[in-house]
Structures are given as structure tokens and as C-alpha cells.
Amino acid sequence: MRARLLRFHRRAKRMLSFLTVYLALCGLVSFSLFILEESMQTAMFGIWPAQDAKDWQTVKAGADFIRTTNRTMTFINWAVGWIQPLSFVSYRTYSKAADIYVQGVHAKTFASAPELFAGERVSILFTPATVQDDIATNRNIHVQSLSPLQAGKKYRVSGIVSLDDGAITIRADSISACLE
């Protein structure tokens with residue numbers, strides 16, 4: 001009987017040791033992801049007053065920070081986050097929501113200060129007011145495209161932004177018509 005109790009005690013001790021290590025690893029991974037999430041939320045809180053103040057440079061810097069931090073969080077979650085399945089699902093969902101937030105903030109920033117995106121790839125909704133040759137224009141935004149665009153029709157345009165004599169030009173490499 002005593003031998004049985006000793007074997008049970010050893011097994012229980014091993015199981016508790018394993019459980020302790022597992023919980024420590026879960027905590028390490030989840031806490032790291034939590035800190036990244038909190039830094040993204042703090043940046044979100046900073047973006048709101050910057051939008052109110054029309055400080056588009058700060059808004060864009062905050063959105064870019066969130067995007068970069070979100071990539072790090074996503075990498076960590078996919079690499080080791082699976083060790084805690086509930087945390088993995090939660091952070092994967094939070095990451096997708098953060099991507100949508102950044103996309104929205106970038107859209108608002110581009111609408112107000114497109115020059116901040118010079119040299120970057122953007123994807124925007126664009127409705128040409130006029131079209132001449134291969135250049136569609138709406139206010140100070142020009143879209144240069146090999147595909148013909150129609151004035152008044154809405155498009156999803158993706159390409160690289162450049163500043164040309166004070167005008168914003170998007171050299172489109174992808175265009176799709178939007179259904180209305």
C-alpha cells in the first residue's frame with residue numbers, strides 16, 4: 001500500500017510540475033501579446049485627439065506604429081500563441097480588427113493629407129471627375145492608369161503615390177470598378 005502511495009505521489013508531482021511549466025509558458029506568451037495589444041490601444045487613443053486637431057502627420061505615424069506592432073503581435077501569436085488556444089483565437093481576432101482600424105485611419109488621413117503617403121503604396125476609392133488620355137483627376141488627385149477610367153464611376157485604385165509639381169499622382173497597378 002505504501003509503495004502505491006509513493007508511486008501515485010511521484011506521478012502527481014510530475015503532473016503538477018508539467019502543469020506549472022505549461023501555465024508559466026502560457027502566461028509568458030499571453031502577457032507578451034497583452035503588452036503589444038496595450039501599446040496598440042495607447043496609440044489608438046493618441047490618434048483620436050490628433051484627428052480632432054487635424055494633425056495628420058501624427059495620425060499617420062500612430063497608424064503606422066499600430067500596423068508595425070500588429071505585425072509583430074501576429075508573428076508571435078502564430079509562432080507560439082497556439083500554446084494557449086483561447087488566447088490565440090482572441091489575439092488573432094484583435095489583430096484583424098487592428099488591420100481594419102489602420103486601413104480606416106489611413107483612408108481618412110489620405111483624404112485630408114495625401115502628400116504624407118508619397119513613395120508608399122495605397123489602395124483607395126477614387127471617382128474621377130475628369131479623364132484625359134491615361135490620367136483621371138479628382139481635385140488634386142491624379143490617377144495614371146493603363147486601363148481606361150470613366151468620369152463619375154467609382155473605382156478601387158492601388159498603386160504608388162508620388163508628388164508631381166504639387167499634385168498627388170497614383171501610378172495605378174491595380175484597378176477594379178466598384179458596384180454601387
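The model is predicted, so local features need pLDDT of at least 70 and side-chain atom pairs count only at pLDDT 80 or more, while totals for chains, interfaces and linings use all residues. Residues are numbered from 1 along each chain as its sequence is written, and side-chain values use heavy atoms, leaving out hydrogens and water.

Start by selecting residues 2-52, helix 1, together with residues 85-112, helix 3. Helices here are DSSP runs (H or I, at least four residues), numbered from the N terminus. The two axes come within 11 Å and cross at roughly 20°. Axes are lines fitted to C-alpha atoms over the stretch in contact, with angles running from 0 to 180 degrees between N-to-C directions. Helix 1 is therefore roughly parallel to helix 3 (an angle under 35 degrees).

Now show the side chains where they meet (heavy atoms within 4.5 Å). Helix 1 brings residues including Tyr22, Phe34 and Trp48, and helix 3 brings residues including Tyr91, Tyr94 and Tyr101.

Finish with the cysteines. Cysteine 26 is buried at 7% relative accessible area, whereas cysteine 178 is partly exposed at 22%. Buried means under 20%, exposed over 50% and partly exposed in between, with a 1.4 Å probe and protein chains only. The structure holds 0 disulfides (pairs of cysteine sulfur atoms within 2.5 Å).

Key: Helix = DSSP H or I, 4+ residues; strand = E, 2+ residues; numbered from the N terminus. Parallel < 35°, antiparallel > 145°, perpendicular 65-115°, else oblique.
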